[in-house]
Amino acid sequence: MIRRLFTSALALALILIVAPTATLAPVAFAAENGGTVEGVLELPPVQSRKAAPKRGEAFVPRAKNPLRPPNGLDPRFEMVVVLEGGPVDDNDKKPQPARYNIIGENFPNQMLPVIVGGKVEIKNLGTRSPRLYSKTLPDVVPNDPINRKGVRATQAITELHKAIDIRDQDSVHFIAYIVAFENAYFAIPDFDGSVKLEGIPSGEWTVKVWYRDAWVTNLPETKISVSSRKAAKFRIALPAKLTTEASAH
Amino acid sequence: MFLSKIWFFLVTVVAAVAITIALVMPRPAERAAAIQESKSVRTACLVTQILLTDNARARIQLTSEFAQAVRELKLSNTLVEASKGDIVSGEANATGRKELAKLVASVSGTKPSFIWLLDLRGRVVARSNPEDPTYGDSMRGYELVQDALDGYVRDDLWMMADGLYRVAAAPVLTRELDWAGAVVIGQTVDQEFAGSLSENIGANVNFYVGSDNVASNKPIQIHKDVVAGSQELASLEAGQDCAVGKILHVTAGQEDYAVVSARLPGEAGQQGAFYSVYIQQARPLTFMGTLKQVKKDDLGFDRFPWLMVGGLFIALMVIGFLFMMREVDGPLKRLGKDAVALAQGDKERFNEELHRSKYGSIARSVNIAIDKMQRDAKAAKKDLDQLLGPMPEAGGTDAAASALPPIGPGGDLSAFSAPPPSEFKFGSAPSSTDLGLTPPPAATPGLAAPIITPAPADTFAELRGNAPRKPAEERTPPPIPTKRLQGDNAPLKRPTDSQIVPDPVSVPGLSGIDADILGEDDDVGEATRLFEGRADSEHELQTIATDGANGATYFQEVYEQFIALKKKCGEPIESLSFERFAKKLQKNQEALIAKHGCQSVKFQVYEKDGKAALKASPVK
């Protein structure tokens, strides 16, 4: 009886330990016993923002909602918040698989960050069976259809800071970008722009923002001090017009 | 004939032109029909585009009304609350489904295929389709949904798992005008929709996505050709597909269709969606095909110019008849009339002035033949005169020539014998035509010239077949043919004496050819008749003079018998002296002896037609 109780307790402990690792949360590739970083990417006022890009048109040109002015461009779904400049745990440099889910017609966020050398696991939680491919790196992902709840892993992403597009052959609007960073200290914003990183080693960090295929260069420098006792917070006001390394070139 | 030939040529040309027109006319009609079909199918394509645009506007309007209804029903608050959670709650889904069902029920007419309520994250809070209870999946990937969540209303075309959909989305706001989410309405593109379009444009409509046909108003299998032809659309400027796109001509079964395709916009358009409008082509119109298409109404008096066609036909025919009458029938009739007059002796030759062209040529040819025969007759008379002595001048040359017997010791008179009718040919050369039809002119009464009775053969009328022939026993035996036609150009040959002298054995005691000497001296006005025939046996004189001494005695006997018979017949004898009678007999005797080589000549006195007559027969 005692042995049975011991075995059950051991199994439960094992599950409690392994489960967080297996369930790769998009906001946390963090070192153990690290600090927490919370922040938000704020959009400029609607009036100062560019209009949302024209994404397509059918028979009738899109029209503004008569009750309220439309939202402007919201680039946060294509952004990755990255911490740099702090003490990096060696474990957080090791390539680890990053899992992203397809929900419905696309990923929740179009950016799929991963530690360089790591693979991206894509799980289909939508109703369709997408056939993924990439224009940038054609062999990076299997092309066979992913059934519902199926998983496909990409090749190891070895090139740093290069956006690799992932598309669906049967869908026009399905697109996401895989980008490899040096370590696990990155996070993708929620739909309201909020960001949360956990397990960040204590130290001074610089908050940088990656937009689609390059770093945003016209943001004010944002430095945070991370400790295990208190969450470090930041607030980044996105400019009305973003400038990136790619656009600068 | 000139005008008739010209006329027939013109009529033939007109007929040829008419036939050519009839054969050629279907081709321009075909081209016109093809051009019209091209215009029709392009117009139908453009109208389809307009109808699809109108349909999209109506759908956007409906979606906006739905968004407004969601806001008024406070369903927008449910969307706001759902947006806050990491997942969409079942409670929010239930509320959303319940309210959506009410909204769908309120829609009159064609109801949407689906309605989605989305939260701010683009996740499905509720679906209107009771058969699809799922929720929580994100639709944010759709550009339409992103636009709606950004505050825009628009339409789109989606190729979903179960087909092509016309969709529209509009943002949903709370009563406080905060963003709450979006509503998406979709209507499938199916056979019913294609059918309604087809009714409006008067053409068939197919919808395709890539190589898949997703909707058609008719199950006509032209998809393979249409899809293949749609590859050229990529090279066209956007929006110009209907106007400048290539018109395909495809065949399904036994029908031909003209097809024009146009790309569809939206996401489905980026996936290769397009629609095709096609109409059935008219069959190629051949001449016979055109005739088969003729209906009874086409031949009605109100549609077809029967009067004009009939009048034209009659005019052509009348003009043709007039030309024929003027140039053929009239001249032929005149020639025939002239020929009849010639045959009846009313004319001696054709009047060439009356006949023109070919008929004049015929008349001239006949006249030449007549002239030749007259010359031959004169020559025959001359021969006879040489044989029998000169004829009295009072009788005239023609009378003497005509009075010659067809056969006799006087010479070859074969030219005057009547040939068989079948030998008569107008077309024959005059020189070779043995007409023999010229009736002998009547001797002038009162002249001393010998009166020659007509040939005992068939009369002229009999020869022509116009008069009934006499019975054989009544007819005088036909003359011995002295000339056999040897073709149109055969020369007229004089037969030898051996040919015309019968075998003496056949008539014992006679040389076979008898000659009668009728008459009296020219001075007394009596005619002397020479004719072929048998003498009366009762008046035969058996004495034959063989030399000059005996001849005088013989001639005396004959003279006495002749005088006696004349007395008996009541004829005057005063002017007939023995010297003259003997001289005549002597001359005839010498001529017959010279001609036939006979030893003597037998003279027979006999009565002929109540008059005394004398016949000479050579004796070998």
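Visitor: Before we discuss neighbours, what does contact mean here?
Guide: Contact means heavy atoms within 4.5 Å. The model under discussion is a predicted one.

Visitor: With that settled, which residues is Leu41(A) in contact with, leaving aside its neighbours within four places in sequence?
Guide: Leu41(A) is in contact with Arg76(A), Met79(A), Val81(A), Pro189(A), Asp192(A), Gly193(A), Val209(A), Ile236(A) and Leu238(A).

Visitor: Where does Leu41(A) lie? And is Leu41(A) buried or exposed?
Guide: Leu41(A) belongs to strand 1 of chain A, which covers residues 35-42. Its relative accessibility is 0%, so Leu41(A) counts as buried, the limit being under 20%.

Visitor: How many residues apart in sequence are Leu41(A) and Arg235(A)?
Guide: They are 194 residues apart in sequence, yet their C-alpha atoms are 6.2 Å apart in space.

Visitor: What is the secondary structure of chain A?
Guide: Chain A has two helices and 16 strands. Of its 249 residues, 44% count as buried. Among the contacts in chain A with a separation of 6 or more, 68% join residues 24 or more positions apart.

Visitor: What pLDDT does chain A average?
Guide: The average for chain A is 86, and 86% of the residues score at least 70. Over residues 14-30 of chain A, pLDDT stays under 50; the model has 25 contacts beyond four places in sequence for that stretch.

Visitor: And chain B, what does it average?
Guide: Chain B averages a pLDDT of 76, with 74% of the residues scoring at least 70. Residues 393-549 of chain B stay under 50, and the model has 271 contacts beyond four places in sequence for them.

Visitor: How many helices and strands does chain B come to?
Guide: The count for chain B is 17 helices and 15 strands. Of the 620 residues of chain B, 45% count as buried. Residues 24 or more positions apart supply 59% of the contacts in chain B with a separation of 6 or more.

Visitor: Let us turn to packing. Which residues have the most contacts inside the largest nonpolar core?
Guide: They are Phe207(B), Leu264(B), Tyr275(B) and Val277(B), in a core of 57 residues. Helix 2 of chain B, residues 26-72, gives the most to this core, with 11 residues.

Visitor: Why does this core lie between domain 1 and domain 2 of chain B?
Guide: Both domain 1 (54-188) and domain 2 (192-280) of chain B give residues to this core, so it lies between them. Another core lies apart from it and has 33 residues, among them Met111(A), Ile157(A), Ile175(A) and Ala184(A).

Visitor: Back to Tyr275(B): what does it touch?
Guide: Not counting residues up to four places away in sequence, Tyr275(B) touches several residues, including Cys45(B), Thr48(B), Gln49(B) and Leu52(B). Also among them are Asn206(B), Phe207(B), Cys242(B) and Leu264(B).

Visitor: Now helix 11 of chain B. What should it span?
Guide: Helix 11 of chain B has 38 residues, 306-343, which at 1.5 Å a residue should span 56 Å; its end C-alpha atoms are 51 Å apart, which agrees.

Visitor: Where is the kink in that helix centred?
Guide: The kink in helix 11 of chain B is centred on Met325(B) and comes to about 45 degrees. Buried residues of helix 11 include Phe323(B), Glu327(B), Val328(B) and Pro331(B). Just after the helix, Gly345(B) takes a positive phi of about 85 degrees.

Visitor: Which phi does Lys74(B) have, not being a glycine?
Guide: Lys74(B) has a positive phi of about 60 degrees. Most residues other than glycine have a negative phi. Lys74(B) sits in the loop between helix 2 and helix 3 (75-84) of chain B, and at 48% relative accessibility Lys74(B) counts as partly exposed.

Visitor: And what of Asp609(B)?
Guide: Asp609(B), also not a glycine, has a positive phi of about 55 degrees. Its place is the loop between strand 14 (600-608) and strand 15 (611-619) of chain B. Asp609(B) counts as exposed, because its relative accessibility of 62% is over 50%.

Definitions and conventions:
Residues are numbered from 1 along each chain as its sequence is written. Chains are lettered from A and ligands numbered from 1 in the order in which they are written. This is a predicted model: local features need pLDDT of at least 70, side-chain atom pairs count only at pLDDT 80 or more; totals for chains, interfaces and linings use all residues. Side-chain values use heavy atoms; hydrogens and water are left out. pLDDT is the predictor's confidence in each residue, from 0 to 100. Helices (H or I, at least four residues) and strands (E, at least two) are DSSP runs, numbered from the N terminus. The expected span of a helix is 1.5 Å times one less than its number of residues. The bend at a residue is the angle between axes fitted to the seven residues ending there and the seven starting there. Buried means under 20% relative accessible area, exposed over 50%, partly exposed in between (1.4 Å probe, protein chains only). A nonpolar core is a set of buried Ala, Val, Leu, Ile, Met, Phe, Trp, Tyr and Cys residues joined through side-chain atoms within 4.5 Å. Domain bounds come from an automatic or database domain assignment.
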